[in-house]
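Please look over the structure shown below before reading on.

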Amino acid sequence: MTLRPELTVTTVNIGAPDARELAEFYVRLLGWEVMVDEGDFVMLQGEGAGVRLSFQTEPDYARPVWPGQPGAQQMMLHLEIMVDDLAEGVEHAIACGATLADSQPQDDTRVCLDPAGHPFCLWIRQIN
């Protein structure tokens, strides 16, 4: 049996038409701080957050379509962000520059789109 080396996910890198612009949106949304700003590459980290977000300018960036459609640019991943109040979370996200997606598949989740078109979910845990 081969031993697995220690592996730690440290950062999720998100492609964007403008790394700095998209990073500024997530600073407003999450309240995280900029750790690295190289113009075309920006990294954020929140207090106590184990994983960082980074943004990289992609010259040939194609805005994803959500929900997915045949022949269109598909999303590659999306962020799941838990909120304590769904309505307030959506209001905050929109004030930061997000848009509410037309399709909303669940009652306890709201799909929003960041300024570059990446979907992200705001969700609230239902108490059983």
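Thr109 is buried, with a relative accessible area of 7%, where buried means under 20% relative accessible area, exposed over 50% and partly exposed in between, for a 1.4 Å probe and protein chains only. The model is a predicted one, in which local features need pLDDT of at least 70 and side-chain atom pairs count only at pLDDT 80 or more, whereas totals for chains, interfaces and linings use all residues. Residues are numbered from 1 along each chain as its sequence is written, and side-chain values use heavy atoms, with hydrogens and water left out.

**Around Thr109**

- Thr109 belongs to strand S7 (residues 109–113); helices (H or I, at least four residues) and strands (E, at least two) are DSSP runs, numbered from the N terminus.
- The side chain of Thr109 makes a polar contact of 3.3 Å with that of Gln106 and another of 3.3 Å with that of Asp108; a polar contact is a pair of N or O atoms within 3.5 Å, and within protein one must be able to donate a hydrogen and the other to accept it, while residues adjacent in sequence count only if both atoms are side-chain atoms.
- Leaving aside residues up to four places away in sequence, Thr109 touches Leu86, Gln104, Cys121, Leu122 and Trp123, contact being heavy atoms within 4.5 Å.

**Aromatic rings**

- Four aromatic pairs are found in a search of the whole structure; rings of Phe, Tyr and Trp (its six-membered ring) pair if their centres lie within 6.5 Å, and planes under 30 degrees apart count as stacked, over 60 as edge-to-face and the rest as tilted.
- Phe25 and Tyr26 form an edge-to-face pair, at 4.8 Å centre to centre and with 80° between the planes.
- The rings of Tyr26 and Phe120 have centres 6.3 Å apart and planes at 65°, so this pair is also edge-to-face.
- This second pair links distant parts of the chain, since Tyr26 is in helix H1 (residues 19–30) and Phe120 in strand S8 (residues 119–123), 94 residues apart.
- Tyr26 is buried at a relative accessible area of 1%, and Phe120 is buried at 0%.
- One aromatic cluster is formed by Phe25, Tyr26, Phe55 and Phe120.

**Nonpolar core**

- The largest nonpolar core has 24 residues, and those with the most contacts inside it are Leu22, Phe25, Tyr26, Leu29, Phe55, Phe120 and Leu122; such a core is a set of buried Ala, Val, Leu, Ile, Met, Phe, Trp, Tyr and Cys residues joined through side-chain atoms within 4.5 Å.
- H1 gives the most to this core, with six residues.
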